Amino acid sequence: MSSHLQITHLRKRFGGLVAVKDVSFDVADGEVVGLLGPNGSGKTTVLNMISGALLPTAGEITLRGVRISRLRPDRIARHGVARTFQLVRPLPSLTVAENVLVSLAFGRFKHWGPDARDLAEEKLAFVGLGGRGGENVANLTYIDQKRMELARALASEPALLLLDEWLAGLTPSELQIGIDLVRRLQGAGMSVLLVEHIMDAVRALCARCVVMNAGEIIAHGPTETVLKDPGVVAAYLGDGHA
Ligand SMILES: Nc1ncnc2c1ncn2[C@@H]1O[C@H](COP(=O)(O)OP(=O)(O)OP(=O)(O)O)[C@@H](O)[C@H]1O
């Protein structure tokens, strides 16, 4: 069977800057793949092209053999792609459950009414916020905001989740909770493309990594091998971090 996500010769030009140059990699069914690299290396631009927020200048993206590059973001979501953002973006005037209900109502399957309430509670329970749907979003701790953001992404029943530095800013104990949650996603059959700078999390979650620098892939393979690659150490990790 074809790879779940296949990216082939992807390129993105912003005026005079080529932010992504000839990037190719894949994510298999149920796999968590790390997408690493220094700031400005093009990782978020790749995620934006997968989710449809940006049109590729060239190249192809397919999901289970279906070409999704150049589809509208809502169409790509219908094919089973969801994402989180670097900055948590809750709707602050709504409750926790209402935030998830908005995603259920306007997302892939358009759930409304009691059915949607049950589903919202199911998604909240999955991320560890069961029974807390009535709380005000403003009162949530940071890890709980992250949980809620994940519940919103799960509202579309994604097959592939794009996590853009979703673990950033967590305390060490919260980080373990976050890592366990990503493992739950994988356990539930989802594939994950994880953009992350926290190497402990990458080691814990990703059997395989892709490393970008200045728009190009500089290493690709098993995580431990990639993190010891002299080019990756020089461009990204620095001495003493590999
Ligand atoms: N909409 C845009 N218009 C012009 N340039 C952009 C745009 N989006 C990104 N860039 C540029 O493309 C390059 C890659 O940016 P990108 O955000 O993809 O990097 P990144 O690896 O995700 O970085 P970070 O780890 O800081 O999030 C950068 O030089 C950035 O300034």
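This is a predicted model: local features need pLDDT of at least 70, side-chain atom pairs count only at pLDDT 80 or more; totals for chains, interfaces and linings use all residues.

Biologist: Where is Arg70 placed?

Modeller: Arg70 is in the loop that runs between strand 5 (66-67) and helix 2 (73-78).

Biologist: And what is the phi of Arg70?

Modeller: Arg70 has a phi of about 80 degrees, which is positive although the residue is not a glycine. For background, most residues other than glycine have a negative phi.

Biologist: Which loop holds Ala214?

Modeller: The loop between strand 9 (208-213) and strand 10 (216-222). Ala214 also has a positive phi, near 50 degrees, and is a residue other than glycine.

Biologist: One more loop. Where does Gly189 sit?

Modeller: Gly189 is in the loop between helix 6 and strand 8 (191-195). Gly189 is partly exposed because its relative accessibility is 47%, between the limits of 20% and 50%.

Biologist: Switching to the inside. Which residues touch the most other members of the largest nonpolar core?

Modeller: That core has 49 residues, and the ones touching the most other members are Leu36, Leu104, Leu150, Leu161, Leu163, Leu185 and Leu205. Helix 5 (residues 142-154) supplies the largest share of this core, with six residues. Another core, of 24 residues, lies apart from it and includes Val20, Val23, Val33 and Ile50.

Biologist: What is Leu36 in contact with?

Modeller: Setting aside neighbours within four places in sequence, the contacts of Leu36 are Lys43, Glu196, Met199, Val202, Cys209, Val210, Val211, Met212, Leu227 and Tyr236.

Biologist: Back to helix 5. How do the axes of helix 3 and helix 5 cross?

Modeller: The axes of helix 3 (residues 96-106) and helix 5 cross at roughly 25 degrees and come within 8 Å. That angle is under 35 degrees, so helix 3 is roughly parallel to helix 5. The crossing of helix 3 past helix 5 is right-handed.

Biologist: Which residues make the contact?

Modeller: From helix 3, Val96, Asn99, Val100 and Ser103; from helix 5, Met148, Ala151 and Arg152. By class, the contact of helix 3 with helix 5 has four nonpolar residues, two polar and one charged.

Biologist: How many residues of helix 3 are buried?

Modeller: Eight of the eleven, so helix 3 is largely enclosed by the rest of the structure. The buried ones are Val96, Ala97, Asn99, Val100, Leu101, Ser103, Leu104 and Ala105. They pack against helix 4 (113-126) and helix 5.

Biologist: Now helix 5 against helix 6. What is the crossing angle there?

Modeller: Roughly 15 degrees, with the axes of helix 5 and helix 6 (residues 172-187) coming within 11 Å. The two helices are therefore roughly parallel to each other. Their crossing is right-handed.

Biologist: And which residues make that contact?

Modeller: Helix 5 contributes Ile143, Arg147, Leu150 and Leu154, and helix 6 contributes Glu174, Ile177, Gly178, Leu181 and Leu185. The contact of helix 5 with helix 6 comprises six nonpolar residues, one polar and two charged.

Biologist: What does Phe126 touch?

Modeller: Phe126, which lies in helix 4, touches Leu154, Leu181, Arg184, Leu185 and Ala188, not counting residues up to four places away in sequence. Phe126 and Leu185 are 59 residues apart along the chain, and their C-alpha atoms are separated by 9.1 Å.

Biologist: Last one. Is Thr45 buried or exposed?

Modeller: Thr45 is buried, because its relative accessible area of 12% is under 20%. Thr45 is in helix 1 (residues 43-51). Beyond its neighbours within four places in sequence, Thr45 is in contact with Lys12, Phe14, Ala19, Val20 and Leu54.

Methods
Residues are numbered from 1 along each chain as its sequence is written. Side-chain values use heavy atoms; hydrogens and water are left out. A nonpolar core is a set of buried Ala, Val, Leu, Ile, Met, Phe, Trp, Tyr and Cys residues joined through side-chain atoms within 4.5 Å. Buried means under 20% relative accessible area, exposed over 50%, partly exposed in between (1.4 Å probe, protein chains only). Helices (H or I, at least four residues) and strands (E, at least two) are DSSP runs, numbered from the N terminus. Contact means heavy atoms within 4.5 Å. Axes are lines fitted to C-alpha atoms, for helices over the stretch in contact, and angles run from 0 to 180 degrees between N-to-C directions. Angles under 35 degrees count as roughly parallel, over 145 as roughly antiparallel, 65 to 115 as roughly perpendicular and the rest as oblique. A crossing is left-handed if the near helix is turned anticlockwise from the far one by less than a right angle, and right-handed if clockwise. Ala, Val, Leu, Ile, Met, Phe, Trp, Tyr, Cys and Pro count as nonpolar, Asp, Glu, Lys and Arg as charged, and the others, Gly among them, as polar.
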